[in-house]
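Here is a short report for a first look at this structure. Keep the sequence and the 3D view open while reading.

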Amino acid sequence: MACAYGDIMKIDTTGASEVTAKQDKLTVKGVEASNKLAEHDLARMEQYKSKIIKVGRAKQMDPAVIAAIISRESRAGAALKDGWGDHGNGFGLMQVDKRYHKLEGTWDSEEHLTQGTEILIGSINGIRAKFPQWTKEQWFKGGISAYNAGVSTVSSYENIDARTSGKDFSNDVVARAQWFKSKGY
């Protein structure tokens with residue numbers, strides 16, 4: 001399936017930071033850690049795969065990227081309590097913040113995945129407007145960073161994750177997405 005926002009396999013990535021890797025008590029970091037984190041979420045992710053692919057098709061978004069955001073944000077639901085995370089501010093698999101968005105659907109619904117994907121697309125478009133000289137893949141990665149911390153926090157491609165959770169959000173998500181792609185997402 002073609003993704004309207006770029007090719008996730010062409011995006012450079014350093015993967016997960018040591019802080020993120022420690023979630024699963026990993027002794028490795030980087031792309032290897034991101035791959036392991038995604039692998040730990042795969043069995044849970046499978047129950048959402050058909051919804052992820054359906055939303056990806058409808059929104060022209062790579063399903064592997066949706067899966068990677070779900071893996072990073074909620075560990076495919078494992079990090080949630082009654083659908084909530086982030087001290088009661090983040091909702092659902094994609095952790096939509098109730099302080100900034102009117103929540104749609106139940107925490108694991110197609111409506112929720114659609115909303116999260118639309119927020120991601122809005123972030124990509126915001127980065128494209130802010131950095132018109134960047135490439136399509138740079139906009140894609142910048143939009144992933146902005147999904148976590150907002151368009152205003154992205155100041156340069158070199159420091160893309162400087163203000164994201166773990167200071168590695170887009171790099172970790174890109175690496176996880178590349179791994180999920182190899183699993184048919």
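Ile121 has a relative accessibility of 11%, so it counts as buried (under 20% relative accessible area; exposed is over 50%, partly exposed in between; 1.4 Å probe, protein chains only). Ile121 sits in helix α5. Helices (H or I, at least four residues) and strands (E, at least two) are DSSP runs, numbered from the N terminus.

Which residues touch Ile121, leaving aside neighbours within four places in sequence? They are Tyr5, Lys59 and Met61, where contact means heavy atoms within 4.5 Å. Tyr5 is 116 residues from Ile121 in sequence. In space, the two are 8.3 Å apart, C-alpha to C-alpha.

## How to read the model

The model is predicted: local features need pLDDT of at least 70, side-chain atom pairs count only at pLDDT 80 or more, and totals for chains, interfaces and linings use all residues. Residues are numbered from 1 along each chain as its sequence is written, and side-chain values use heavy atoms, with hydrogens and water left out.

## The nonpolar cores

The largest nonpolar core has 45 residues. Such a core is a set of buried Ala, Val, Leu, Ile, Met, Phe, Trp, Tyr and Cys residues joined through side-chain atoms within 4.5 Å. Ile52, Met61, Val65, Ile70, Phe140, Ile144 and Phe180 touch the most other members. Two or more residues each come from α2 (31-45), α3 (49-59), α4 (63-74), α5 (110-130), α6 (136-149) and α7 (169-181). The largest share, 7 residues, belongs to α4. In soluble globular proteins, nonpolar side chains tend to be buried together.

Take Ile144. Not counting residues up to four places away in sequence, Ile144 touches Ile8, Val65, Leu120, Phe169, Ser170, Val173 and Val174. Another core, of 5 residues, lies apart from the largest one. Ala21, Leu26, Ala33 and Leu37 are among its members.

Lys49, Ile52, Ile53, Val55 and Gly56 are the buried residues of α3. They cover an arc of only 165 degrees around the axis, which puts them on the same side of α3. The arc is that of the directions from the helix axis to the C-beta atoms. Their cover includes α2, α4 and α5.

The other side of α3 has exposed residues: Ser50, Arg57 and Ala58. Just after α3 comes Gln60, with a positive phi of about 55 degrees.

## α4: an enclosed helix

How many residues of α4 are buried? The count is 12 of the 12, so α4 is largely enclosed by the rest of the structure.

From first C-alpha to last, α4 reaches 16 Å. That is close to the 16 Å expected at 1.5 Å a residue, taken as 1.5 Å times one less than the number of residues. Asp62 caps the N-terminal end of α4, with a side-chain oxygen 2.9 Å from the backbone nitrogen of Ala64. After α4 comes Arg75, whose phi is positive, near 55 degrees.

## Asp97 in a strand

Asp97 lies in strand β3 (residues 96-97). Asp97 is buried, with a relative accessible area of 14%. Its side chain makes a polar contact with the side chain of Arg99 (2.6 Å). A polar contact is a pair of N or O atoms within 3.5 Å; within protein, one must be able to donate a hydrogen and the other to accept it, and residues adjacent in sequence count only if both atoms are side-chain atoms. Asp97 also touches Asp86 and Asn89, not counting residues up to four places away in sequence.
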